[in-house]
Amino acid sequence: MSRDTIIPSARDAAIRGEQPLSEAKRAFVDSIYALFEQFRDGNHPFCEDIRLAREVRKLRDSQLDIGVTNPLRKSPQLNTLNSTVDNMVADYMDNLPEAVMQPETPEMGEVADDLTDVVGWALHHAGFKPEWRRAVEDATVTGTGIMHVFWDDEATFGSAQGGIGLTAWRPDYWMPDPLYSNFQDGRAVFKVCMHPLSYFMQHFPETADYIDPDAHRMLPSEELQKRDD
């Protein structure tokens with residue numbers, strides 16, 4: 001069977017065999033999946049709230065308050081609600097944050113100024129402004145905005161290969177430990193990426209053949225969206 005052949009069915013394991021893993025590594029993988037199940041189930045209400053918030057943002061006025069006659073119980077009209085969200089996002093963009101390095105001692109002032117210029121340059125070339133707008137709209141609509149900083153191997157700056165990357169991470173694709181109110185105290189954080197199988201064939205050719213469809217191919221919010229559709 002060629003590497004380009006994709007058989008997305010339960011027959012995969014029988015055709016190509018089980019992935020060769022040591023007993024210790026297989027136990028480690030199983031423990032990660034078990035932990036992911038805990039985080040996934042614990043964050044389910046959070047993901048559902050995000051989905052509903054996004055749906056409200058897209059609703060038409062005619063879909064609201066069907067059968068509601070009491071004016072005190074009527075929802076805000078969508079043009080008012082969306083205008084409020086747009087104005088809040090505009091306020092965030094008018095007050096765009098800037099990275100400023102503070103010197104630990106007066107003698108470090110010049111170094112701090114140089115670092116401020118370097119960090120500002122890196123954020124600008126990483127596309128901070130449009131990603132920040134996406135994050136603050138998420139924060140306004142769903143209550144959570146996340147900026148993900150990473151090393152981008154594919155970025156090119158002059159002759160340099162690689163650089164700082166930024167992206168607004170979808171809050172329903174970010175799963176902190178449900179047992180802790182402060183995610184920094186938790187056991188882990190799962191950040192979910194959705195890629196086609198071809199992505200893994202390209203980036204992880206030695207292990208991509210062992211990928212099968214499973215219960216983790218969708219997040220709860222996507223399952224609910226599919227059900228509603």
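This is a predicted model: local features need pLDDT of at least 70, side-chain atom pairs count only at pLDDT 80 or more; totals for chains, interfaces and linings use all residues.

Visitor: Which residue does Asp172 form a salt bridge with?

Guide: Its partner is Arg54, and the closest N and O atoms of the two are 3.3 Å apart. The pair links distant parts of the chain: Asp172 is in the loop between strand 2 and strand 3, Arg54 is in helix 3, and 118 residues separate them. Arg54 has 22% relative accessibility, so it counts as partly exposed.

Visitor: How many salt bridges are there in the structure?

Guide: The structure holds 9. One of them joins Asp177 and Arg187, with the closest N and O atoms 2.7 Å apart. Both residues sit in the loop between strand 3 and strand 4, 10 residues apart. Asp177 is buried at 1% relative accessible area, while Arg187 is partly exposed at 43%. Some salt bridges also share partners, and these join Arg54, Asp138, Arg170 and Asp172 into one network.

Visitor: Nice. What about Glu137, which residue does it form a salt bridge with?

Guide: That would be Arg133, with the closest N and O atoms 2.7 Å apart. Both lie in helix 6, 4 residues apart, which is about one turn of the helix.

Visitor: Let's zoom out. How many helices and strands does the protein have?

Guide: There are 8 helices and 4 strands. Starting at the N terminus, the order is α-α-α-α-α-α-β-β-β-β-α-α.

Visitor: And what share of the residues is buried?

Guide: Of the 229 residues in the protein, 26% are buried. The accessible surface comes to about 15,800 Å², and 54% of that belongs to carbon and sulfur atoms.

Visitor: Which residues form a nonpolar patch on the surface?

Guide: Look for Met108, Val111 and Leu115, which together have about 240 Å² of accessible area. Val111 lies in helix 5, and at 40% relative accessibility it counts as partly exposed.

Conventions:
Residues are numbered from 1 along each chain as its sequence is written. Side-chain values use heavy atoms; hydrogens and water are left out. Patches are made of residues with over 30% relative accessible area and no salt bridge: like charges are joined within 9 Å, nonpolar side chains (Val, Leu, Ile, Met, Phe, Trp, Tyr) within 5 Å. Accessible areas come from the Shrake-Rupley method with a 1.4 Å probe; for residues, only the protein chains shown count as cover. A salt bridge is a side-chain nitrogen of Lys or Arg within 4 Å of a carboxyl oxygen of Asp or Glu. Helices (H or I, at least four residues) and strands (E, at least two) are DSSP runs, numbered from the N terminus. Buried means under 20% relative accessible area, exposed over 50%, partly exposed in between (1.4 Å probe, protein chains only).
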